[in-house]
Amino acid sequence: MRVIFHGAAGEVTGSCHEVEAAGHRVLLDCGLIQGSRADEARNREDFGFDASTIDAVVLSHAHIDHCGRLPLLVKRGFRGPIWTQRATADLLKVMLEDSAKLAQADAERARRRLHEGRGGRDDEEELEPLYTLDDVTKTLKHVRAIDYDAPTALFPGLMLTLRDAGHILGSASVELVETAADGTRRTLVFSGDLGPSGTPILRDAAPVPHADLLLLESTYGGRLHRERAATVTELGEIFDEAWRDRGNVVIPAFAVGRTQELLYAFAQHFDDWGLGRWQIFLDSPMATKVLGVYERHAELFDEEAARVFATTPHPLRLKNLHLTDSTEESMAINRIDSGAIIIAGSGMANGGRVRHHLRHRLPFDRNHVVFVGYQAAGTLGRRLVDGAAYVRVLGSEVPVRAKRHTVGGLSAHADQAGLLDWYGRVGGRPDTVLVHGEDDAREAMARELRRRFDADVELARPDMARTVGR
């Protein structure tokens, strides 16, 4: 059994790892690269392997940096099954259709810039979308949905088991067990993205009984999150300050996971935070569709959430929550001078409707922008978090006078302590390769793994190969 790393090897997006086992080739994730325009241009490059030679894909979860290039894989010749958890299968349709629509819109903008004489070489390369809705339809036909903790034979001698990763609905850690003719077993575990313990709605990440090699995410490998109680206090203070400023609050949020957590927190602290005085907008048609998927998969909730969701209306349907669908409804929000909390995608502000809200709100110091998730290098969100005085949004240079807040306690990723705790419960103290993290985070994580567990740790590099059980 051998692993070759093609993505998320030194960066947080573009998850993609090739496994050779039992005479077959299996891909773990096939995610979109996100970041600067140069970063995203890499999505059009070769995968580093021939798509037609991949026999199966195992998808850890539905975030676009893990699933976003699946239609491109199919477009380039992949014909095998895509195995994933049932809730992820439901979310995948929503995520990929939205991604295709955004790709089409980007291509149309590139053509318009060239037609108007404002384009460049980048625009020439982006005249056609990365993939289309038709490609998504073809991709969804390959999806095979399975449950957690249900061993499934991918091929003779290769068994797959998915375990709850506690990151978003349907997120999974992946276990692949290869059994040779002589009965020798080799176990590869891919953590996927791991959620922190005590995350609202979801169950905690499940332990793994054994691994010979572990591919471990390290998004926050060098950081500790704030305690959730401190985060609750901080958010309440932000909303109070914004109300005193007679401003608005813009929250870039991922449509899957973060948005539902936010709404759940809003319901829990509705009176504490004085939310009844605000108009709350969920300006994301995709997030609205995702609410329906959450409602259909309450069996995956933790005990408290299952109990709360049994009531009517449930906490994701607040009395002053407005779900905006049409473009006209979204544009109307920007005519509200004060008193609006606007949750919109994308979570890193690199696409979606949140860019329009930021263009309108950033120039005014009465407004507040709250970041509640990881901001990858090169994204608009990262530039704002890093304190940029001006940013380019939708072709315009925009001054940044709005107040910016980074609230770490709502992260859907485990921090360093959480990752170390999860590793400590993996049987066999496996050799470990760190993926899905920037180098400073991975180096900090590697130091702690070596210090606490005397672990054999490597940092994945693009196209690096690693044998399981060497």
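A disulfide is taken here as a pair of cysteine sulfur atoms within 2.5 Å. The structure is a predicted model, in which local features need pLDDT of at least 70 and side-chain atom pairs count only at pLDDT 80 or more, while totals for chains, interfaces and linings use all residues. Residues are numbered from 1 along each chain as its sequence is written, and side-chain values use heavy atoms, with hydrogens and water left out.

A search of the whole structure found 0 disulfides. For Cys-16, the closest cysteine sulfur is that of Cys-30, at 4.6 Å, which is too far for a bond. Cys-16 is buried, with a relative accessible area of 1%, and Cys-67 is buried at 0%. Buried denotes under 20% relative accessible area, exposed over 50%, and partly exposed the range in between, with a 1.4 Å probe and protein chains only.

Helix α4 covers residues 86-115. Helices (H or I, at least four residues) and strands (E, at least two) are DSSP runs numbered from the N terminus. The expected span of a helix is 1.5 Å times one less than its number of residues. For the 30 residues of α4 this gives 44 Å, in agreement with the 44 Å between its end C-alpha atoms. At the start of α4, a side-chain oxygen of Gln-85 comes within 2.6 Å of the backbone nitrogen of Ala-87.

His-357 belongs to helix α12, residues 354-361, and is buried, with a relative accessible area of 0%. Its side chain makes a polar contact of 2.6 Å with that of Asp-283. A polar contact is a pair of N or O atoms within 3.5 Å; within protein, one must be able to donate a hydrogen and the other to accept it, and residues adjacent in sequence count only if both atoms are side-chain atoms. Beyond four places in sequence, the contacts (heavy atoms within 4.5 Å) of His-357 include Val-250, Ser-330 and Ile-342.

Leu-362 lies in the loop between α12 and β16 (368-371) and is likewise buried, at 0% relative accessible area. The C-alpha atoms of Leu-362 and Val-400 are separated by 5.0 Å, although the two residues are 38 apart along the chain. Val-400 is among the contacts of Leu-362 beyond four places in sequence, which also include Val-369, Leu-384 and Pro-399.
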